[in-house]
Amino acid sequence: MQVAKHHENGVKVSQSTTEPAWVRYLLLVVALGFLSLFLLLPLAAVFVQALDKGWEAYLAALKEPDTLSAIWLTVITAACCVPVNLFFGIVAAWAIAKFSFPGKSLLITLIDLPFSVSPVVSGLIYVLIFGLQGWLGPWLQEHDIKIIFAVPGIVLATIFVTFPFVARELIPLMESQGRDEEEAALTLGASGLQTFFRVTFPNIKWGILYGVILCNARAMGEFGAVSVVSGHVRGSTNTIPLQVEILYNEYSYAAAFAVASLLALLALVTLVIKTVAQWKIQQTLSVAENER
Amino acid sequence: MGSQNQKNNVLPGFTPALGYTIFYLSIVVLIPLSALFFKTATLTWDQFLVAVTAPRVVASYRVTFGASLMAAVINGIFGVLVAWVLVRYRFPGKKLIDALVDLPFALPTAVAGITLASVYAPNGWLGRYLEPHGIKVAFTPLGIMVAMVFIGLPFVVRTVQPVLEELDQEIEEAACCLGANRWQTIYRIIFPTILPAILTGFALAFARAVGEYGSIIFIAGNMPMVSEITPLLIITKLEQYDYAGATAIATVMLVLSFLLLLSINLLQKLSRRFAE
């Protein structure tokens with residue numbers, strides 16, 4: 001906040017740190033034009049095309065049994081992935097941010113790894129392990145357990161692609177907060193868990209929300225990895241993004257966009273919560289700094 | 001390692017926390033990824049070479065990497081511009097625009113894909129104005145690039161923005177006092193400072209574009225040799241039960257993304273040193 005004010009004053013006061021007015025307007029127009037063309041226009045297009053055939057057709061498209069089962073599967077997938085990656089994120093951040101040990105930066109790089117793997121490759125590796133020709137394929141078939149082309153495969157691939165979200169948000173946050181407060185709590189006789197829940201957690205709760213909301217958005221919206229492992233069985237292994245693909249490829253455009261609009265709404269809600277969380281994190285950090 | 005830590009750190013739980021981190025990382029990420037290399041290792045060197053250098057595969061590399069490079073360059077230029085405007089200028093709706101920059105992170109790729117395809121289709125909102133001028137975007141390599149620009153944009157903005165915010169305006173004032181004009185200040189003072197961040201954002205956007213699948217396949221047209229991206233080719237091979245071929249191509253892509261990750265990390269170290 002204060003930084004912004006400083007800039008505003010700086011811009012007004014000093015001609016030496018800004019450009020002539022016409023340059024400023026030109027840059028502003030070009031930047032906003034670029035953003036409208038590449039961000040706003042597609043976003044508007046989703047909703048306009050979803051309502052192309054009116055509200056009734058929109059609601060009817062959402063009430064299709066296949067769509068409803070896709071929504072259900074998506075919710076289940078996210079409900080499996082988010083908690084396990086949340087738990088991992090907190091534990092990993094505790095180990096990495098509060099302690100120093102050799103190989104730490106390598107560990108952080110490895111945690112980020114799923115972000116740099118193509119979604120298609122992320123799906124493929126699970127096919128190589130659990131598929132019929134894979135490592136565990138014959139054993140799984142003997143015991144009649146289906147993972148690939150079934151719900152467990154979708155969940156596993158989604159866990160992989162959403163793996164880094166919470167950890168990568170919490171590590172820098174907890175590092176910047178140091179460990180003074182925790183050490184004080186322990187010295188005063190708090191147990192380890194008490195220290196975590198009473199001291200650490202209040203400091204990182206907005207960071208957790210931030211990580212969870214992004215993890216959830218990706219879990220519900222993942223397409224490439226899920227597409228490889230799902231097998232596209234209607235009504236049973238289709239998530240919302242896969243249902244969008246099927247409807248689109250069948251030329252039911254209005255229905256495809258109606259279902260897609262659900263995901264676009266999710267994206268907008270995600271952006272709002274993310275912005276609030278970011279603001280709260282900044283607030284927590286600056287309060288902590290003032291106290292010091 | 002543990003005992004060394006406990007001397008100067010009274011916080012509990014280091015060993016179980018690190019143990020669980022490494023265990024979970026191994027079963028979710030490292031062991032599954034190693035499956036790719038073990039599967040590739042079952043191929044002979046010749047089989048591997050044939051699989052990854054077939055003409056259709058090489059054409060897909062050209063399309064994927066060419067379009068990714070172009071998209072990353074466009075994102076590099078416009079991303080810096082957007083970051084500059086967001087940090088330095090005041091205008092109504094600035095907070096909203098700032099939040100909206102992250103839309104490509106939040107919007108599922110399939111939604112982005114069908115939307116871009118419909119906007120740029122010959123009868124779409126933009127396509128109908130471009131088509132008469134002979135500019136075909138949807139179902140051509142140009143469309144692939146448009147999708148890559150969309151998904152890569154936040155990377156450059158979000159890496160350059162914080163560096164610009166940290167930039168001390170007193171340095172610019174000093175440059176001005178010493179007789180530099182505005183362009184010299186930008187070129188000699190500001191640009192070198194934000195260059196590592198620009199390069200990092202560029203590399204991140206490039207890496208993301210190379211692996212991207214969902215937002216591209218709808219707009220690409222997917223013609224073999226012309227507008228077929230490498231990730232799609234992997235899926236095509238899988239659908240034909242050519243697991244060896246799919247795995248070999250995936251290995252090439254994975255090794256390339258490791259190299260990119262490595263260079264991004266180096267760039268980030270460089271920019272951190274710059275900041276200090």
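Helices, of at least four residues, and strands, of at least two, are DSSP runs numbered from the N terminus. On that basis, chain A of this predicted model has 14 helices and 0 strands. Read along the sequence, its pattern is α-α-α-α-α-α-α-α-α-α-α-α-α-α. The C-alpha trace of chain A spans about 65 × 60 × 30 Å along its principal axes.

Chain B also has its elements listed from the N terminus. They run α-α-α-α-α-α-α-α-α-α-α-α-α-α. The count for chain B is 14 helices and 0 strands. Its C-alpha atoms fill a box of roughly 70 × 65 × 35 Å, again taken along the principal axes.

Helix packing was examined next, beginning with chain A. The axes of α13(A) and α14(A) come within 8 Å. They cross at roughly 160°. Angles over 145 degrees count as roughly antiparallel, and α13(A) and α14(A) are therefore roughly antiparallel to each other. The crossing of these two helices is left-handed. On the α13(A) side, the contact is made by Ile240(A), Pro241(A), Val244(A), Leu247(A) and Tyr248(A). These meet Tyr253(A), Ala255(A), Ala256(A), Val259(A), Ala260(A) and Leu263(A) in α14(A). By class, this contact has 11 nonpolar residues, no polar ones and no charged ones.

In chain B, helix α4 covers residues 55–88 and helix α11 covers residues 182–211. The axes of α4(B) and α11(B) come within 8 Å and cross at roughly 135°. The two helices are therefore oblique to each other. Their crossing is right-handed. From α4(B), the contact takes in Thr64(B), Phe65(B), Ser68(B), Leu69(B), Ala72(B), Val73(B), Asn75(B), Val80(B), Trp84(B) and Arg88(B). From α11(B) come Arg182(B), Ile190(B), Ile194(B), Ile198(B), Phe202(B), Ala205(B), Phe206(B), Ala209(B) and Val210(B). The residues of this contact divide into 14 nonpolar, 3 polar and 2 charged.

Helix α4(B) also packs against α9(B), which covers residues 141–166. Here the axes are 6 Å apart, and the angle is about 40°. That makes α4(B) oblique to α9(B). The crossing of α4(B) and α9(B) is right-handed. Their contact has 20 nonpolar, 7 polar and 1 charged residues.

In chain A they are α2 (21–50), α12 (224–230), α13 (240–249) and α14 (253–291). In chain B they are α7 (109–120), α12 (214–220) and α13 (230–239). The largest share of the lining, 4 residues, comes from α13(B). By class, the lining has 21 nonpolar, 9 polar and 4 charged residues.

Methods:
Residues numbered from 1 in each chain as written. Chains lettered and ligands numbered in written order. Predicted model: local features only at pLDDT ≥ 70, side-chain atom pairs only at ≥ 80, totals over all residues. Heavy atoms only, no water. Nonpolar A, V, L, I, M, F, W, Y, C, P; charged D, E, K, R; others polar. Axes fitted to C-alpha atoms, helices over the stretch in contact; angles between N-to-C directions. Parallel < 35°, antiparallel > 145°, perpendicular 65-115°, else oblique. Left-handed = near helix turned anticlockwise from the far one by under 90°. Contact = heavy atoms within 4.5 Å.
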